[in-house]
Amino acid sequence: MTNRQDRDSNAELLRIICILIILLHHFCVHALYPEVLQLNLDDFNWDSRFLLFIHAFLYIGVNCFILISGWYGIKPKWRSFLNLYLIYAFYNLLHPIKHIFKALLLDHEFVLPYSVHDIIVRTLLPFSHGHLWFMDCYIGLFLTAPLLNAAIEHLTKQQHRYVLILLTIANVYLGDFWTMELINSSGFSLANFVYLYLIGSYLHKYISKETIDSNRWRWFISYIVFGGLWGICSMITAYKDIAPFHVPHWHAFTYNNLLILLTAVSFFLFMMSWHFKSRFVNYMAASTLGVYMLNEGVVKYGFLIPFAHQYQPIVQLALWFGTAIAFFVVAIGVDQVRVLLSKPFWCLYDKYTKSHWRK
């Protein structure tokens, strides 16, 4: 298990790509093309249909994030836990601050979205009151990581593979195919994160570097093929006039969809087959969680809704890509403010944790 500073920058570049395609997905289905998420495209133009198809190649960001965690392993340390806490608390506090600035800039009457009591609770207890599904599941994964790491260390290759087969039956067949809520019906769950974590650890332990590197373009072709199959199944299901050809038990936007899992693993292995070092890439990647938090927990999507279907398809797609990139750049800047504000805390932490109890 490797510290982030020791990683190749290909993994950090993958994190940047993942957060960008997560932004693209969010901006698409929550603002610019909400019909895509509803899989009901009979009355919409080719751009909506095209966006549904290419979503197979965009809906892998979360899965790849957790595969990276499984590949390197999560080391539950106090410093890591406190860092997650401060990130979550900062962006929870930033949400009401956003409303203050919005009221001042637009000269509107200021109305807090929560009571002062709620703001204090959300800031001091972000893990239980933050209400962001990814963070909730990731904290659960972080807390269970010692048990998972111990199991991974002692499992043989055959046992590890057997565990993955059983978890595939549980998560994919029972969870996604038969939508058993109590198991894992959508992939938005700790169960799916544990599953992906164990897949990532298996790939790291038992797939040799030479095998990954030598099959680089096979991984990429697999990414295209599996993603294309997802797109075709989704396109078929999206049209009422060809209802007899709907794919049975098809749930497109689920993270435990078999084709989405295969697409994510293929793209992950493709990215891990490259090896380079870049201080700039590592620097940018360190703020990817902050980009997600600003998007999902603070800004959201209201500013884009007025632009839905307002322009020609090419212009609309350019707006989609351009907004995601611009938001990423701004969010990196906001997260650097968070880093700057947290420096005094980390100085005190480093000063007072050099005592004997830390050892």
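**Entry 1: the pocket lining**

I sorted the lining of the second largest pocket by residue type and got eleven nonpolar, three polar and no charged. Here Ala, Val, Leu, Ile, Met, Phe, Trp, Tyr, Cys and Pro count as nonpolar, Asp, Glu, Lys and Arg as charged, and the others, Gly among them, as polar.

A note on the source: this is a predicted model, where local features need pLDDT of at least 70 and side-chain atom pairs pLDDT 80 or more, while totals for chains, interfaces and linings use all residues. Residues are numbered from 1 along each chain as its sequence is written, and side-chain values use heavy atoms, with hydrogens and water left out.

I then looked up the volume of this second largest pocket, about 240 Å³. Of its 14 lining residues, Tyr195, Ile199, Leu261, Leu262 and Val265 are the closest to the centre. A pocket is an open set of 1 Å grid points where a 1.4 Å probe fits, with protein on both sides within 12 Å along at least five of seven lines, and lining residues have an atom within 4 Å of a point. The volume is the space filled by probe spheres set on the points, which are joined across faces, edges and corners.

Helix α13 gives the largest share of the lining, six residues. Helices are DSSP runs (H or I, at least four residues), numbered from the N terminus.

**Entry 2: Phe268**

Which residues does phenylalanine 268 contact, leaving aside neighbours within four places in sequence? I found Leu14, Cys64, Leu67, Ile68, Trp71 and Leu203, with contact meaning heavy atoms within 4.5 Å.

Technical notes: Helix = DSSP H or I, 4+ residues; strand = E, 2+ residues; numbered from the N terminus.
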